[in-house]
Each structure stands twice: as C-alpha cells, then as structure tokens.
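Visitor: I am new to this structure. Could you show me how to read it?

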Amino acid sequence: MKKLCKFWPLALALIAPGCNDSATIAANLHLTQPAVELAAAKFDDPEGASLGPTPSDYVNNLFGNVNPSGVEVNVGLPNYAYFQGLLYSQQNVFLAGQVRVVGGLIATGNVTVAGNGMVTTNPESQIGRVNVGQARWKVESWVQE
Amino acid sequence: MQTRPSLRYAQPVKPTRAVAIITVLLISGVILAFVLGGLNLAAQHLFQVSALHNRHRALCAAEVGISKAQYQLEQNPAYAGPTGGALQDGSKYTVTIVHSGTKATLHSVGQTAGQTQKLRVTLALDADTYLGLSSRGLLDFRTNGYINGIRALSDNRSARGNTYTQDHLQISPGKRLSVTGQASAGLGINQPLQVDGHIATGGVTANPSFTKSSLLATSFPGSVLSSGTVTQNTRVTAAETNLTGALHIPAGVTVHVEGDLILNHGVSGEGTLVVDGNLLMRGSENLRNDNPKGLLVYADKDIILAHPSAYTDSGEPNGFTAQVSPVGDLFADMPDGVPYLLRQRLPPGAPSNVNFFARYASQESSPTASFTEWKNGDGTTLNPGLPPNITDWLHRAAQMHGAIEATAGP
C-alpha cells in the first residue's frame with residue numbers, strides 16, 4: 001500500500017502496526033541505516049517518467065524488423081531501467097526493481113537484489129578498470145597481408 | 001720397283017667421319033647447354049627455395065609476435081604494446097596493438113634475410129574474463145535475478161556472465177537466479193539456482209585497478225553540479241546534492257561529491273563519479289549508444305540503484321515497492337537461442353512479428369504437420385527439433401501472448 005508506511009524512527013514505527021522502522025529495514029536489506037533514511041526521504045515516490053525503451057522496438061528487433069544500429073536488441077528489455085558502466089561501493093549495494101547494470105558491479109559489503117534485477121557483464125566497461133589474472137580473448141580474424 | 005705414294009696425293013677425309021665429328025661436337029654442345037641450363041635452373045631454384053624458406057621464417061616470426069602479444073594481452077587486457085623480439089635463427093618481429101572497444105587489432109611484422117611477412121589479427125575480449133557481480137559480503141536475491149553478459153554494447157550477442165562472493169550466496173525460497181556463466185560463493189550457496197555454466201566454491205573477488213586517491217588525482221576547477229552535461233572536473237562540498245534531471249559525465253571528466261548524492265533521473269557518460277557519502281540513483285530510461293564503456297562510479301558508502309517506479313514503503317518486506325513487468329521478466333529469462341530462432345528459423349507461414357506468440361499458442365493446441373516437424377524435428381540427427389529450454393520458454397511466451405501484445409506490440 002503506497003505511502004501508508006514510512007521509514008519512521010522506532011518510536012513512531014511502534015504506533016503504526018505493520019510498518020518497520022529504518023533500522024529494521026536497513027538490517028533486512030543489508031544496508032546502513034543512513035542510506036535507508038536518505039532513501040525514505042528522497043525516493044518516497046515513483047519517479048513517474050516514462051519507463052524503458054519503446055517496447056515495440058524491442059520485440060520488433062527480436063524478429064529482425066528494425067535496423068540494429070538504431071535500437072539495441074536484448075539490452076533494451078521491456079520495463080527495465082539501466083545503469084551503464086562499473087559500479088563500485090566500499091559498502092553495500094541495493095538494486096530495487098527491474099534495473100539492469102550493463103557493465104559490472106563490485107561491492108566490498110553486501111549486495112541485495114529485489115525486483116528481478118539483472119547484472120550484465122560488458123567487458124568494455126571493465127577493461128582498464130579491473131585487473132584480471134588471465135583475460136580471455138577470441139580470435140575474430142587472421143589475415144596475412 | 002715400288003714407289004711410296006706421294007703425300008700430295010693423300011686421300012681426303014671421308015664424309016662419314018666428318019659427320020661423326022660434327023655430330024659429336026653438336027651433342028657435346030647440347031650436353032654442355034643442358035648442363036649450363038641445369039646449373040642455372042638449380043641456382044635459381046636454390047635462390048627461390050632460400051627465399052621461400054626465409055619467407056616462412058619471417059612468417060613464423062610474425063606468428064611468434066602475435067602469440068607473444070596475445071600472451072601479454074591475457075595478462076593485461078589494456079596492454080598497448082608495442083612488443084618485439086628475435087628468434088634464435090635471427091628472425092625478428094615487431095607487433096603494434098590498436099585497441100578499439102573490446103577489440104584489439106595486432107599488426108605483426110616478421111623479418112629475416114631481406115624477407116618480410118605481415119599479419120593482421122583481430123582479437124575480441126570475452127565477457128567471461130570478468131565478474132559481472134563481485135562481493136565480499138552476502139549476495140542476497142530476494143526475487144528472481146539474472147547474471148549474464150554481452151560481447152559489447154555494439155555487439156550485444158549473449159556471453160557468459162559470472163558472479164562471486166567471499167560470503168554466502170542466498171536466494172529466497174521459490175525464487176530463481178539465472179547465471180549464464182559461473183556462480184561461486186566462498187561460504188556456500190543456500191538454495192538451488194539455475195546455472196547455464198557451472199557452480200563453483202572457489203574464486204577471488206574483482207580487483208579494481210583504481211583507488212579513490214587515483215581517481216581524485218586531478219584538479220577540480222568546478223564547484224557547482226547541476227543536471228545536464230558536466231563540462232569540467234567538478235568538486236561539490238555540500239552535505240547533500242539532489243539533482244532532479246539526468247546527469248551526463250562525458251569521458252575525461254571527474255565529478256567528486258563529498259556528501260550524499262541523489263540522482264532522480266539517472267546518470268550516463270564515460271567519465272568518473274566519486275561520492276564520499278551514500279549514492280541514490282534511478283536507472284536511466286534508455287541505453288545510450290554513445291557511451292559504450294559507461295561510467296566509473298565509486299562510492300564510499302551505500303549505493304541504491306532504483307527503478308523509476310520504485311519507492312520506499314516500510315510496509316513491504318523489502319522496504320521498497322516497484323513495478324515489475326512479467327513481460328520484461330519473460331524476456332530477461334529468454335534462452336540464448338531464441339533471438340536466432342525468431343530471426344532465422346520461424347516455422348512456415350508464421351508471422352515475423354509480435355503476433356508470432358499468438359500463432360504459437362494456437363499451434364500448440366491444434367498443431368499442423370509442418371509446425372510439429374519444426375518444433376519436434378523429424379527424428380533424425382539432422383533435424384532434432386527445438387531444445388527443451390527453448391520450447392519451454394516459447395510455451396511461457398505463448399501463454400502470455402496477450403500481455404506481450406499489450407506491452408510490447410506496435
């Protein structure tokens with residue numbers, strides 16, 4: 001039920017049955033309490049913007065009916081929202097809703113996913129940013145000139 | 001008295017003997033010509049064989065150069081060369097490397113004894129090189145989750161996606177984590193998960209090549225951050241920065257926020273964002289083709305990445321409420337082989353658009369012979385039919401064809 005419950009401090013949460021205080025939520029989501037309280041203050045409403053890429057383009061692309069250079073196939077999933085690049089946190093990360101990280105995600109602490117989140121490795125986002133023990137390369141072409 | 005015949009009257013050489021002498025001379029000349037020609041041919045052949053041999057040595061040197069450069073790229077994918085060296089036979093090679101996105105083009109020149117051979121080899125970095133999701137703490141999937149990969153933004157064919165945590169990997173009961181590569185957890189996995197690749201117990205976390213200090217080792221002429229494109233390095237000292245519009249940080253630009261940062265409309269670009277506090281941001285509505293590398297975001301504290309529809313609600317078990325599209329989830333869970341099937345191998349007469357799923361549903365209830373053969377094959381190894389994971393997904397999609405048409409139709 002929207003906005004009936006807020007991340008109240010413990011004293012107020014006790015008088016609102018079914019509502020959890022921010023400390024409980026923080027523990028539940030493996031986040032720090034200040035982060036949860038900030039979210040309660042700033043993300044207490046949906047953004048309201050149009051969500052996701054044009055849906056028909058995605059399905060049309062699947063059938064090869066759209067110029068691939070103009071629309072992304074597979075990465076433009078219906079209703080998903082995106083972050084492109086490499087996310088690094090010295091603490092915790094929480095993915096809320098159908099969000100997709102196209103690149104990579106590194107956390108020193110916990111990672112919690114709620115809402116069918118997706119992490120898609122994009123090697124281009126990590127090259128030069130992440131050290132590897134052994135990179136894997138595929139030969140695409142071999143030409144003797 | 002018999003007298004000696006006078007020399008003046010000696011008999012001339014007989015013609016037959018002259019012919020013999022001339023013949024011998026001619027034959028000798030011919031033989032000599034053959035010998036000389038043979039010697040010349042042999043010399044030329046020897047020269048050609050020598051040149052061919054040297055070309056092979058040069059080619060071998062060029063190949064050795066490719067192998068050496070590839071080895072160095074395996075140790076460091078960003079290795080830029082050039083690299084060179086010599087073989088024991090004196091052949092030399094030089095390799096230059098040109099990076100373009102996830103591809104590296106190696107130009108190798110091998111040289112020996114005046115012979116030169118060139119090779120141009122293009123390598124593509126595999127997503128499998130990296131961990132998509134790496135954590136030292138708990139990995140907790142409250143709902144379905146997906147770990148996968150693409151080759152690059154410009155070539156979004158699927159690739160293996162890997163995840164590793166030093167701690168536990170936890171999946172809520174009844175939920176499913178789909179991993180196309182390898183899933184591993186140092187302290188164990190507490191629920192079964194669907195892994196197209198394999199499950200392991202060992203591993204190491206991702207090792208960033210940057211530190212906060214290295215990211216901030218620059219000057220910051222700007223001190224105000226607002227929505228839109230950031231044009232210079234900017235440092236904001238406020239305790240809290242709240243941007244209502246989309247933020248774009250282009251390549252080469254660093255933004256340092258010393259307090260908390262709230263990005264209500266997402267962030268894009270290929271620059272660097274460093275946040276000393278917590279970072280709250282919405283996902284962006286669309287991918288941008290002009291920043292295939294994407295941002296580097298560093299936060300000292302927590303990061304919350306929320307869908308635009310998500311909002312806090314402490315009455316919810318997960319503290320947030322978000323709009324989840326079953327159609328989006330269906331396509332998120334789509335097997336690798338489906339895009340090829342839908343593009344290249346539709347059954348005869350099937351519509352090549354969103355109406356295909358309704359057709360599939362009707363054919364499941366009353367299949368034609370051609371549909372059955374397309375789906376189940378003909379019993380031969382040449383036409384074994386569709387794999388079970390694809391028919392299962394197509395069945396799910398057919399059951400949802402109305403929702404697909406409603407949300408993803410033209």
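Visitor: In which sense do strand 3 of chain A and strand 5 of chain B pair?

Guide: This is a predicted model, where local features need pLDDT of at least 70, side-chain atom pairs count only at pLDDT 80 or more, and totals for chains, interfaces and linings use all residues. Residues are numbered from 1 along each chain as its sequence is written, with chains lettered from A and ligands numbered from 1 in the order in which they are written. Strands are DSSP runs of E, at least two residues, and helices are runs of H or I, at least four, numbered from the N terminus. Two strands pair if DSSP finds at least two bridges between them. Here, strand 3 (residues 99-107) of chain A and strand 5 (residues 133-135) of chain B pair in the parallel sense, over 3 bridges. A:Ile106 stands opposite B:Ser134.

Visitor: How many residues does each chain bring to the contact?

Guide: Residues are in contact if their C-beta atoms, placed from the backbone, lie within 7 Å. Chain A brings 113 residues and chain B 112. Strand 1 (residues 81-89) of chain A gives the largest share of chain A's side, 9 residues.

Visitor: What does helix 3 of chain A pack against?

Guide: Its buried residues pack against helix 2 (22-29) of chain A and several strands of chain B, including strand 18 (240-243). Buried means 20 or more other C-beta atoms within 10 Å of the residue's own. In helix 3 (residues 33-42) of chain A, 7 of 10 residues are buried, among them A:Leu38.

Visitor: What is the strand order of the open sheet in chain B?

Guide: The order is 16-19-22, with parallel pairing. Strand 16 (228-229) and strand 22 (267-269) of chain B each have a single partner strand, so one side of each lacks a neighbour in the sheet.

Definitions and conventions. A residue is buried if 20 or more other C-beta atoms lie within 10 Å of its own, exposed if 12 or fewer, and partly exposed in between; C-beta atoms are placed from the backbone. Two residues are in contact if their C-beta atoms, placed from the backbone, lie within 7 Å.
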